[in-house]
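Reader: I have the model open and want to go through its layout. Can we start with the contacts?

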Amino acid sequence: MASGCLMLILLLFLSGVASEQTYSVGKFSGRWLDPFREVEVGVLLYYPNNATSGSTFPVVVFGPGFLQSDTFYDYVWVSLVPLGYVVAIDGTYNYDPMYDPMRSGRDLAFLLDYIRNQSLADPKFPTYGMINDKAATMGHSFGAAGCMLSTDRDIVGHEYSCDFDSVVPISPCRWQDDTEHAALNFGNHTKFLAISATTDCVCPPDLFSRHWYNISTATCRVFADIVHGAHCGFEEPNTESDVLCRVLEDFSWCPGGYKPIDYIPRDQQLWMTASYFVPWLDFALRGNAAGWTTLLAQLQQDAASKKALYEADMSQCQM
């Protein structure tokens with residue numbers, strides 16, 4: 001875990017995002033069989049470890065990016081689990097060049113259903129009796145496109161419930177039309193937060209996240225674009241990630257290849273990302289109006305200081 005994560009959590013607490021109750025973190029690592037595809041889905045499961053009896057929590061599932069690892073996104077669970085969320089990160093295709101958004105979408109849909117079912121049926125399951133009926137799907141890059149697909153049963157399959165209240169794609173990209181189909185089917189039942197970076201040359205926002213935001217039928221939606229952010233700035237800094245990012249950026253739309261000097265510091269980008277999705281999920285999964293107020297204030301502050309661009313439509317947001 002990057003040292004910046006602890007500072008991130010401290011700053012979120014001080015900003016008033018955190019609830020009064022905070023939790024220690026439990027962890028489970030393993031593989032679960034999806035009987036519909038006859039494949040094992042890898043998972044890192046993080047959950048509140050000192051919850052009082054009867055406490056229940058929303059589920060957040062997360063899909064990593066192409067050629068990335070489930071360990072590159074610690075800031076997601078570090079930001080959420082102490083505040084009372086269960087976070088499952090897909091670990092099926094670490095560093096796998098055969099990984100694609102459709103596989104990610106089906107994995108994420110399966111993970112939600114499996115966690116919910118086992119939390120009701122198996123007293124030995126890590127989150128037995130701890131899950132409520134709220135859930136969000138998140139991801140980065142191909143995993144972000146996958147999280148959009150995971151909301152649509154017509155795409156990933158009617159074997160899965162796809163019962164997500166919110167979708168949070170972080171710098172998504174995919175060239176097939178099925179992702180547009182998912183965005184067009186969000187409607188007023190799916191709260192949509194899209195996060196991107198203005199200088200993301202791997203998945204340029206104008207081609208992907210902003211386009212999908214514009215065509216989305218979601219009536220409760222926000223688009224946040226981090227100025228001078230990078231595609232790989234949405235991952236924890238580490239040697240493996242940096243090498244893989246160079247490969248991605250050298251073979252994409254990046255003029256002249258990898259130029260880290262052009263980007264804001266990665267810790268700053270991770271902090272900004274969490275400062276958006278933490279209050280958003282507080283609003284989207286808990287119905288906390290203060291979450292929306294906190295998010296809007298943060299976006300307005302970042303826009304005023306030219307750190308971010310944003311658009312927001314909450315014409316039919318249900319608290």
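Author: First a term: contact here means heavy atoms within 4.5 Å. The model is a predicted one. Among contacts in the protein chain between residues at least 6 apart in sequence, 77% join residues at least 24 apart.

Reader: How many helices and strands in the protein chain?

Author: There are ten helices and nine strands.

Reader: And what percentage of the residues count as buried?

Author: Of the 319 residues in the protein chain, 59% count as buried.

Reader: What about the largest nonpolar core, how many residues does it have?

Author: The largest nonpolar core has 45 residues, and Phe277, Trp280 and Leu281 are those with the most contacts inside it. Helix α9 (residues 266–286) gives the largest share of this core, eleven residues. Apart from it lies another core, of 44 residues, with Tyr47, Leu111, Leu112 and Tyr213 among them.

Reader: What does Leu281 touch, leaving out residues up to four places away in sequence?

Author: With those left out, Leu281 touches Val60, Leu80, Tyr85, Ala136, Met138, Ser166, Val168 and Arg286.

Reader: Staying with α9, how do its axis and that of α10 cross?

Author: The axes of α9 and helix α10 (residues 289–304) cross at roughly 155° and come within 7 Å. Angles over 145 degrees count as roughly antiparallel, and α9 and α10 are therefore roughly antiparallel to each other. The crossing of α9 past α10 is left-handed.

Reader: Which residues meet there, α9 against α10?

Author: From α9, Trp271, Met272, Ser275, Tyr276, Pro279, Trp280, Asp282 and Phe283. They meet Gly291, Trp292, Thr294, Leu295, Gln298, Leu299 and Asp302 of α10. By class, the contact of α9 with α10 divides into nine nonpolar, four polar and two charged residues.

Reader: Now another pair. At what angle do α3 and α4 pack?

Author: Helix α3 (residues 101–121) and helix α4 (residues 142–149) pack at an angle of about 55°, and their axes are 7 Å apart. That makes α3 oblique to α4. Here α3 passes α4 in a right-handed crossing.

Reader: Which residues make the contact?

Author: On α3 they are Pro101, Met102, Ser104, Gly105 and Leu108. On α4 they are Phe142, Gly143, Ala145, Gly146, Cys147 and Leu149. The contact of α3 with α4 has seven nonpolar, four polar and no charged residues.

Reader: Changing topic: Ser141. Where is it, and is it buried or exposed?

Author: Ser141 is in strand β5 (residues 131–141). Ser141 has a relative accessible area of 6%, so it is buried. Ser141 also has a positive phi of about 60°, although it is not a glycine.

Reader: Why single that out?

Author: Because most residues other than glycine have a negative phi. Glu38 also has a positive phi, of about 55°, and is not a glycine.

Reader: Where does Glu38 sit, and is it buried or exposed?

Author: Glu38 is in the loop between β1 (25–34) and β2 (39–48). With a relative accessible area of 69%, Glu38 is exposed.

Reader: Last one, Phe57. Which strand is it in?

Author: Phe57 is in strand β3 (residues 57–63). Phe57 is buried, and its relative accessible area is 3%.

Reader: And which residues does Phe57 touch, not counting those up to four places away in sequence?

Author: Phe57 then touches Tyr23, Pro48, Ala51, Gly84, Tyr85, Val86, Met130, Ile131 and Asn132. For Val86, 29 residues apart from Phe57 along the chain, the C-alpha atoms of the two are separated by 6.5 Å.

Definitions and conventions. Residues numbered from 1 in each chain as written. Predicted model: local features only at pLDDT ≥ 70, side-chain atom pairs only at ≥ 80, totals over all residues. Heavy atoms only, no water. Axes fitted to C-alpha atoms, helices over the stretch in contact; angles between N-to-C directions. Helix = DSSP H or I, 4+ residues; strand = E, 2+ residues; numbered from the N terminus. Parallel < 35°, antiparallel > 145°, perpendicular 65-115°, else oblique. Left-handed = near helix turned anticlockwise from the far one by under 90°. Nonpolar A, V, L, I, M, F, W, Y, C, P; charged D, E, K, R; others polar. Core = buried A, V, L, I, M, F, W, Y, C linked by side-chain atoms within 4.5 Å. Buried < 20%, exposed > 50% of the residue type's maximum accessible area, 1.4 Å probe, protein only.
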